[in-house]
Amino acid sequence: MGKLQSKISFHTAKYRADGSVEETGPVRAVQQHGPAHTDAVTSVAALNPDLCVSGGRDKSVAVCSWRSGAALRRFIGHEREVTKVSDNRSSAVGVFSASRDKTVMMWELHGTSGPSQHFPGHDLVVTGLAVSPDASQLCTGSRDNTMCKWDTETGECLGRAAISRNLVTHLCWVPGEPYVIQTSEDKTIRIWDSRELQVAHTFPAKQHIQTCCDVSQDGRYCLSSSSGSAGEGGEATLWDLRQTRNRVREYKGHFQTTTSCVFLPRGPALAPSIATSSYDSTVKVWNQHTGACLATLCLEGSGPLASLAVCDSSTLLCASFNSGIHVLQMSDHADLLLEEVAVF
């Protein structure tokens, strides 16, 4: 399997929010670092303070400095493609990865290169992974229609629940709460109570498969993203997690499946905003309240974009199928500017 071939690119065009191109002067080259993976990168997550963890089709889990692009650790153990990675933002426990080999593994950042804990139990590819805020429990979901809860220290399965046709696509834990948000190929978004591993609420079904979800830091809202093609579908949706539990707003503009959706931390001049990535090779930033698209960046030659991770108030990571992990920076000028600054 050959290494990814990345070319140095000089950006001479700026993408307006509507996707049209505004010619600008030459800017600095995108910094090219050695690739973190030798094949498509399927998932990326930020670690504190300047590290990220990623997984890919090369079956490996990599820990890199997103500032320098340096690969610091590489974990080998999965037998098939890594589908999801998750961090628990706790120094006491490592990072987690899910795979098409039907398992989840935990890796110690400062331990051996092998897994420190193994979580077998699903019958098909594991597609959802969420760690509790205190890092004591892990929730996983699969295309086998099941959700499982695990003790991260012992690896014991603490519960298992199955729902017909509930092909899990993504999981995220609500900050400070016992609730887990789950998206599904059955076009729904569910809220699970992790204590009993039961569904506490199901939002009205969308028109397309729901591919990803995220929760705001205050726990008030969640996002989901939709599959799509030829301009049909592909929207992100904002949901109210409070008592009303209503659909608040949609963000439409991607022409293919939207693969990732994240809440952005408040920057110095940034209104509450979200970001999305898509199979159409674009990343978009949206005003959370109005639904207006604030910026669009096309990563030419990257192929489908698989995953977004928030590093800080001005930096995003974007995992791609063809060209590795892209480091994106947001800056506030007359209009919000979204630029690629490095790739690894």
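Reply: Here is a short tour, from the whole chain down to single residues. Keep in mind that this is a predicted model.

Me: Okay. How many helices and strands are there in the chain?
Reply: The chain has 0 helices and 33 strands.

Me: And how much of the chain is buried?
Reply: Of its 344 residues, 56% are buried. The accessible surface of the chain is about 14,500 Å². Carbon and sulfur atoms account for 48% of that surface.

Me: What about contacts between residues at least 6 apart in sequence? How many join residues at least 24 apart?
Reply: That share is 42%.

Me: Let's take 168-202. What is the chain like there?
Reply: Over those residues it is 63% strand and 0% helix.

Me: New topic: charges. How many salt bridges are there?
Reply: The count is 13. One of them pairs Asp240 with Arg242. Their closest N and O atoms are 3.0 Å apart.

Me: Are those two residues buried or exposed?
Reply: They fall in separate classes. Asp240 is buried because its relative accessibility is 8%, and the cut-off for buried is under 20%. Arg242 has a relative accessible area of 36%, so it is partly exposed.

Me: Which residue does Arg247 form a salt bridge with?
Reply: Glu250. The closest N and O atoms there are 3.3 Å apart. Glu250 also meets Lys252 in a salt bridge, at 3.4 Å from N to O.

Me: And how exposed are Glu250 and Lys252?
Reply: Glu250 is partly exposed, at 24% relative accessible area. Lys252 is exposed, at 60%.

Me: Which residues do the shared partners join into one network?
Reply: Lys206, Glu235, Arg247, Glu250 and Lys252.

Me: Now rings. How many aromatic pairs does the structure hold?
Reply: It holds 6. Ring pairs also tie Phe96, Phe119 and Trp150 into a cluster.

Me: Where does Arg57 lie?
Reply: Over the face of Phe321. The distance to the ring centre is 4.7 Å.

Me: Let's look at loops. Where is Lys59?
Reply: Lys59 is in the loop between strand E5 (51-56) and strand E6 (60-65). Its relative accessibility is 38%, so it counts as partly exposed.

Me: What is the phi of Lys59?
Reply: It is near 75 degrees, a positive value, and Lys59 is not a glycine. For background, most residues other than glycine have a negative phi.

Me: What about Ser281?
Reply: Ser281 also has a positive phi, about 70 degrees, although it is not a glycine. Its place is the loop between strand E27 (273-278) and strand E28 (282-287).

Me: Is Ser281 buried or exposed?
Reply: Buried, because its relative accessibility is 14%.

Me: Where is Thr257 found?
Reply: In the loop between strand E25 (247-251) and strand E26 (258-264). Thr257 counts as buried, at 12% relative accessibility.

Me: So what is Thr257 in contact with?
Reply: Leave aside its neighbours within four places in sequence. Then Thr257 contacts Thr211, Ser226, Ser227, Gly228, Ser277, Ser278 and Tyr279.

Me: Last one: Gly159. Which strand does it lie in?
Reply: Gly159 lies in strand E15, residues 157-162. Its relative accessible area is 18%. The cut-off for buried is under 20%, so Gly159 is buried.

Me: How far is Gly159 from Met147?
Reply: They are 12 residues apart in sequence. In space they are 8.2 Å apart, C-alpha to C-alpha. The two are also in contact.

Me: Which other residues does Gly159 contact?
Reply: Cys148, Lys149 and Leu197, again leaving aside neighbours within four places in sequence.

Definitions and conventions:
Residues numbered from 1 in each chain as written. Predicted model: local features only at pLDDT ≥ 70, side-chain atom pairs only at ≥ 80, totals over all residues. Heavy atoms only, no water. Salt bridge = Lys/Arg side-chain N within 4 Å of Asp/Glu carboxyl O. Buried < 20%, exposed > 50% of the residue type's maximum accessible area, 1.4 Å probe, protein only. Phe/Tyr/Trp six-rings, centres within 6.5 Å; stacked < 30°, edge-to-face > 60°. Lys NZ or Arg CZ within 6 Å of the ring centre and 35° of its normal. Helix = DSSP H or I, 4+ residues; strand = E, 2+ residues; numbered from the N terminus. Contact = heavy atoms within 4.5 Å. Areas by Shrake-Rupley, 256 points an atom, 1.4 Å probe, with all protein chains shown as cover.
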